[in-house]
Amino acid sequence: MAQYNLTINGKSLQVDVDPSTPMLWVLRDHLDLVGTKFGCGIAQCGACTIHLDGNAVRSCQLQVSAAENAEITTIEGISENGDHPVQKAWLAHDVPQCGYCQAGQIMSATALLKNNPSPSDEDIDNAMNGNICRCGTYTRIKAAIKTAAKSA
């Protein structure tokens, strides 16, 4: 075990875990930040997406030892009261169905808009590639991203 000082959602936190522990499990099991979901465990579905220094990454494959000096943002850190433009657009376009993939989808969308405030359809497709929605709401997701881009 090793102690890690992490910055998550603007707060300094410490955990004592094995260096190879995936951030997904640090967040969920050690810090009780359960908004980040386990989907596949092999970084293919996007349910576990978080931001690492503003970039969307899959937390199921990110070892805690690689995240110590980074700024980490989880779905809980996007907005305390659900008023981020992406979250508002998600509701306006009725994106969530079962909801399981939504945290990862929102994390990828917010990273895209932070880095590219006026994305093209191709930019959206590229940024969201690998975020799997079992309910198939991809057209609503794209529409919500476009709406959020206009209101941000």
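Which residues of helix 3 are buried? In this predicted model, the buried residues of helix 3 (residues 85-92) are V86, Q87, A89 and W90. Seen down the helix axis, they fall within an arc of 165°, so they line one face of helix 3. V86 and W90 also belong to the largest nonpolar core, where they are among the residues with the most contacts.

**Helix 3**

- K88, L91 and A92 are exposed, and they sit on the face of helix 3 turned away from its buried side.
- An α-helix has 3.6 residues a turn, so residues three or four places apart point the same way.
- After helix 3 comes D94, which has a positive phi, near 50°.

**The largest nonpolar core**

- This core has 21 residues.
- V86, W90, I141 and I145 have the most contacts inside it.
- At least two residues of the core come from each of helix 2, helix 3, helix 4, helix 5 (121-128) and helix 6.
- Helix 4 gives the most, with 6 residues.
- Leaving out residues up to four places away in sequence, I141 touches W90, V95, Q105, M128 and C133.

**A second core**

- A separate core holds 17 residues, including Y4, L6, V26 and I72.
- In soluble globular proteins, nonpolar side chains tend to be buried together.

**Helix 1**

- Helix 1 spans residues 23-30.
- Its buried residues include M23, L24, V26 and L27.
- V26 is one of the residues of the second core.
- Among the elements that cover the buried residues of helix 1 are strand 1 (2-8), strand 2 (11-17), strand 3 and strand 5 (71-73).
- D32 follows helix 1, and its phi is positive, near 60°.

- W25, F38 and Y100 make a nonpolar surface patch of about 260 Å².
- F38 lies in the loop that runs between helix 1 and strand 3 (49-52).
- F38 has a relative accessibility of 35%, so it counts as partly exposed. The cut-offs behind this are under 20% for buried and over 50% for exposed.

Definitions and conventions
Residues are numbered from 1 along each chain as its sequence is written. This is a predicted model: local features need pLDDT of at least 70, side-chain atom pairs count only at pLDDT 80 or more; totals for chains, interfaces and linings use all residues. Side-chain values use heavy atoms; hydrogens and water are left out. Buried means under 20% relative accessible area, exposed over 50%, partly exposed in between (1.4 Å probe, protein chains only). Helices (H or I, at least four residues) and strands (E, at least two) are DSSP runs, numbered from the N terminus. The arc is that of the directions from the helix axis to the C-beta atoms. Patches are made of residues with over 30% relative accessible area and no salt bridge: like charges are joined within 9 Å, nonpolar side chains (Val, Leu, Ile, Met, Phe, Trp, Tyr) within 5 Å. Accessible areas come from the Shrake-Rupley method with a 1.4 Å probe; for residues, only the protein chains shown count as cover. A salt bridge is a side-chain nitrogen of Lys or Arg within 4 Å of a carboxyl oxygen of Asp or Glu. A nonpolar core is a set of buried Ala, Val, Leu, Ile, Met, Phe, Trp, Tyr and Cys residues joined through side-chain atoms within 4.5 Å. Contact means heavy atoms within 4.5 Å.
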